[in-house]
Amino acid sequence: MDLDDGELMLRYARGDLRAFETLYQRHRGGLYRYLSRHTRNPESANDLFQEVWSKVIASRERYEPRAKFQTFLYRIAHNCFVDYCRRSTVRAEVSGDAQEDWQGSLPAPDDDRPDSRAEHAQTVARYKAALAELPAEQRDVFLLYEESGLSLEEIAAITAVGPETAKSRLRYAVSKLRHALGTASELSATRSEVVAVTAKAVPEGG
Amino acid sequence: MMTGPERDDEFEAYLRRRVRIDRRLRSLDRLEPPAELDQIIIGQARHAIQGAPPVPMFRAPRWALPMGMAATILISLSVLLDLGVRDAIRKDAGRPAVLTRAHSISAAAVAAPAPESAFPTNAAPAAIETAPWPPLSRTVTIEVSASATKAPAEQEAASASEASDNARSRVSEQVLATSRLRTGDASVSARAEPLQASWQAEAQMAVVTVIGTRIHQ
């Protein structure tokens, strides 16, 4: 039987390490992606990831399952990231090296063909660029929505805004990202067509 | 290019589906923390609920307690015996004159048994009442607890003491017999028997004292 996250946290507070391991396995991926895409730097993401879980561990005895565990977890993560931005705004937001590190840590695409790999790399690069261009508030809401599985109301509570504000931020973020990815796809398709036409034309001309 | 808010229907569809904004980004789901980080965090969680490792404490060997108790009891007994022996010696120190008198009486009785006429008819009960039984000295008690391991000097002293003791017994028997014959008073023997019983009890106490002395030495 799958136990509720809150129940697992309570069990861990009573000394059940297995409960914590289950809880950790459930949320490690989403939390790590949330922090990685925010920071765009694996080292910073690792530090923040560990910091968040350390705070979860430290607050085990104060935890009360009044809300979903994800809300509790991502509130901590959100606050950690805000503190991180305050500490190192320039490095977190602007560093080109950090962006390179982040791209290098991305997994390979499912399709291992060279052209698919290249296309995937381009898509990820565009996505990354578009994400980086988003205002921090919109990016935060978008990443929370994509990675945490929380509802807009819960995201609004975490980011301390009203539900409509959160929804509006998410709407703008999704629109910009889709436009960036769609536009790039169209450009890529156009370029492919040009290449194909040129390839046909060259033998005929030669 | 202008990028305004999404159309409501597309955005609501995105909210309902809860999928990635673009299918091509599904590979991003495989981004996960390194295994080393997992181990660190699980280790932190374990450490938090288990606390610091217990500091090894000094533990005495298992035999220490009974050994200590036995030693304490032995020392206490020896101290008590020592005190008892000293007390007994102190008491004995105050009786040499009485002992000498008793021995001289015994010696006289052995050397020359008195004829019946030597004892006045009415003096025998008085003699029994007034002449005390010789107090026990250490020599006497050693003789009473006679064992095969006696030193030669002690054996000699013991045999001497035994002889005097026998003489003393004979004297007391003669006195009693004379008293019975002359006076026909049965109360004399009745008075003498408790005296003999007390002498035996005193001898037993002296044996214990001597054994305590030996242990102490």
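Predicted model: local features only at pLDDT ≥ 70, side-chain atom pairs only at ≥ 80, totals over all residues.
Residues are numbered from 1 along each chain as its sequence is written, chains are lettered from A in the order in which they are written, and side-chain values use heavy atoms, with hydrogens and water left out. Chain A comes out with 10 helices and zero strands, where helices are DSSP runs of H or I with at least four residues, strands are E runs of at least two, and both are numbered from the N terminus.

**Chain A on its own**
- Of the 206 residues in chain A, 46% are buried, meaning under 20% relative accessible area with a 1.4 Å probe, protein chains only.
- Take the contacts (heavy atoms within 4.5 Å) in chain A between residues at least 6 apart in sequence: 62% of them join residues at least 24 apart.

**The interface with chain B**
- On the chain A side 53 residues are in contact with 37 residues of chain B.
- The two chains bury about 4300 Å² between them, 59% of it on carbon and sulfur atoms; that is accessible area (1.4 Å probe) lost on being put together, summed over both.
- Y145(A), R171(A) and R178(A) lose the most area in chain A, together 16% of what that side buries.
- The rule finds three salt bridges across the interface, each a side-chain nitrogen of Lys or Arg within 4 Å of a carboxyl oxygen of Asp or Glu.
- R28(A) and E32(B) form a salt bridge, at 3.4 Å from N to O.
- Elements giving two or more residues to the chain A side are α2 (17–39), α3 (42–58), α7 (114–133), α8 (136–148) and α10 (163–205).
- α10(A) gives the most, with 13 residues.
- That side divides into 23 nonpolar, 15 polar and 15 charged residues, with Asp, Glu, Lys and Arg counted as charged, Ala, Val, Leu, Ile, Met, Phe, Trp, Tyr, Cys and Pro as nonpolar, and the others, Gly among them, as polar.

- Confidence is highest in α3(A), at a mean of 93, and lowest in α6 (residues 96–104), at 45.
- Residues 184–195 of chain A sit below 50, and this stretch has five contacts beyond near neighbours in sequence.
- Residues 201–206 of chain A also stay under 50, with zero contacts beyond four places in sequence.

Conventions. pLDDT = per-residue confidence, 0-100. Buried < 20%, exposed > 50% of the residue type's maximum accessible area, 1.4 Å probe, protein only.
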